[in-house]
Amino acid sequence: MADDLFNSFMNGPDEQGRFGIFGGRFVSETLMPLILSLEEEYNRAKDDPAFWAEMKDLWAHYVGRPSPLYHAERLSTELGGAKIYMKRDELNHTGAHKVNNVLGQILLARRMGKTRIIAETGAGQHGVATATVCAKFGLKCIVYMGAHDVKRQAPNVFRMRLLGAEVIPVTSGRGTLKDAMNDALRDWVTNVRDTFYCIGTAAGPHPYPAMVRDFQSIIGKEVRWQLAEQEGEGRLPDTVIAAIGGGSNAIGLFHPFLDDPTVKIIGVEAGGKGVDDRIQHCASLTGGRPGVLHGNRTYLLQNEDGQIQEGYSISAGLDYPGIGPEHSWLHETGRAEYVSITDKEALEAFQVSCRTEGIIPALEPSHALAHVMKIAPKLPSDHIIVMNMCGRGDKDVFTVAKHLGFDMSDTEEGRSFEE
């Protein structure tokens, strides 16, 4: 790839919020003043040392950053080939990467005088993070969550309610993340005066994709100095890998390496029951085409008439029929490679992580780990892979147990997954 292309990556998006043909602001006239006001406030905050000082203090003393960069030695030995590191963002307060971004957005909301925070959530981790930070600052919190996801992510629903949030089940569509985001946007239009919409992924109208990316890029920035500490000054990963729904954890890992041509970048989409059946997966880049949804132009799952196709994944956090616009741009330019992993492969990786490293992962990073398991044995021993362990698996144990045939209500002593 040409050097001038690499040199351009760190500069996006343009003033209209576009990454090439992707991104932008496709919103109603009612929302446009709110979007412009948010952009102005974020631009001021970016240049305000006091804003970043508060962010760094909260990251360190509230979230627990930096998260460890962990050499998965047993996994590396078992697979053979590449040396595998895990960026342990599941050890953050609230159990995922989501809080990195939520802190930034809620600090912006406070600067703007907003007292009511709304959010959408799929797996529940963004909802939990938003409810957590709202509780810390005494802000009202409303979380929209698809009714289907409310059922399969019951532990996180309970956590949000414990934290004082109002959780609103969304029954339209399939009752998943797309539908929750639709209802959150409708709420925002109705309550423009006191409400701030805290979007959980690197999608939506500009400035959200770039703003969320900037807050999440702490992940990749830490990896740069942490790997140099462990492997020697100047050592970069050879490959970085992360799971992608909307893509915030992935762009957070990828962005600080975009201008390093020696670093291969791989995003892993949810292949569901297989990408040959477009209704049974959420691999937007593999099985979709460009269109407009939730205020931005990006790759989407669509039928022949341009209507959004309902996606499917065992993972609630990846069950979204689109992807962040910067990922679409990286796909089209060829800077990043995007692949898909099936439910079955993710479940296998989930169990391997538990058995080899004593780490119970969320189903989202289990997709990334499944691809690591595919490629690591084919690579030399001096090849370093860094994957983002972006969430812990507490929320998914009931889902995994069901798919592995384990009856969680059966407490008979000695019962195991194999029985």
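How far apart in helix 7 are D149 and R152, counted in residues and in helical turns? I looked this up at the start. D149 and R152 are three residues apart in helix 7 (residues 147-152), so about one helical turn separates them. In general, residues three or four places apart on an α-helix point the same way, because the helix has 3.6 residues a turn. I found a salt bridge between D149 and R152, with the closest N and O atoms 2.8 Å apart. Both D149 and R152 are buried.

**Confidence**

I noted that this is a predicted model. The pLDDT of the protein chain averages 91, and 94% of the residues score at least 70. Residues 1-9 have a pLDDT below 50; this stretch has 20 contacts in the model beyond near neighbours in sequence. Residues 413-419 also fall below 50, with nine contacts counted in the same way.

**Other salt bridges**

I counted 24 salt bridges by the rule used here. One of them joins R65 to E222, with the closest N and O atoms 2.8 Å apart. R65 sits in the loop between helix 3 and strand 3 (69-71), and E222 in helix 11 (residues 218-231), so this pair ties together parts 157 residues apart in sequence. R65 and E222 are both buried.

I then checked R224 and D260, whose side chains form a salt bridge at 2.5 Å, N to O. R224 is in helix 11 and D260 in the loop between helix 12 (248-254) and strand 10 (264-272), so the pair links parts 36 residues apart in sequence.

**Nonpolar cores**

I looked up the largest nonpolar core, which has 85 residues. The residues with the most contacts inside this core are L108, M160, W188, Y197, L253 and F254. Helix 5 (residues 98-111) supplies the largest share of the core, seven residues. I listed the contacts of M160, leaving aside neighbours within four places in sequence: among them are T121, G124, V128, V143, M145 and V167. A second, separate core has 29 residues, including I341, A368, M373 and I375.

**L58**

I placed L58 in helix 3 (residues 49-63). L58 counts as buried, because its relative accessibility is 8% and the cut-off is under 20%.

**Helix 10**

How many of the nine residues of helix 10 are buried? I found that nine of nine are, so helix 10 (residues 208-216) is largely enclosed by the rest of the structure. The buried residues include R213 and D214 as well as M211, V212 and F215.

**Surface patch**

I found a nonpolar patch on the surface formed by I360, V397, F398 and M408, with about 340 Å² of accessible area together. M408 lies in the segment after helix 17 (397-403). M408 is partly exposed, with a relative accessible area of 38%.

Conventions: Residues are numbered from 1 along each chain as its sequence is written. This is a predicted model: local features need pLDDT of at least 70, side-chain atom pairs count only at pLDDT 80 or more; totals for chains, interfaces and linings use all residues. Side-chain values use heavy atoms; hydrogens and water are left out. A nonpolar core is a set of buried Ala, Val, Leu, Ile, Met, Phe, Trp, Tyr and Cys residues joined through side-chain atoms within 4.5 Å. Buried means under 20% relative accessible area, exposed over 50%, partly exposed in between (1.4 Å probe, protein chains only). Helices (H or I, at least four residues) and strands (E, at least two) are DSSP runs, numbered from the N terminus. Contact means heavy atoms within 4.5 Å. Patches are made of residues with over 30% relative accessible area and no salt bridge: like charges are joined within 9 Å, nonpolar side chains (Val, Leu, Ile, Met, Phe, Trp, Tyr) within 5 Å. Accessible areas come from the Shrake-Rupley method with a 1.4 Å probe; for residues, only the protein chains shown count as cover. A salt bridge is a side-chain nitrogen of Lys or Arg within 4 Å of a carboxyl oxygen of Asp or Glu. pLDDT is the predictor's confidence in each residue, from 0 to 100.
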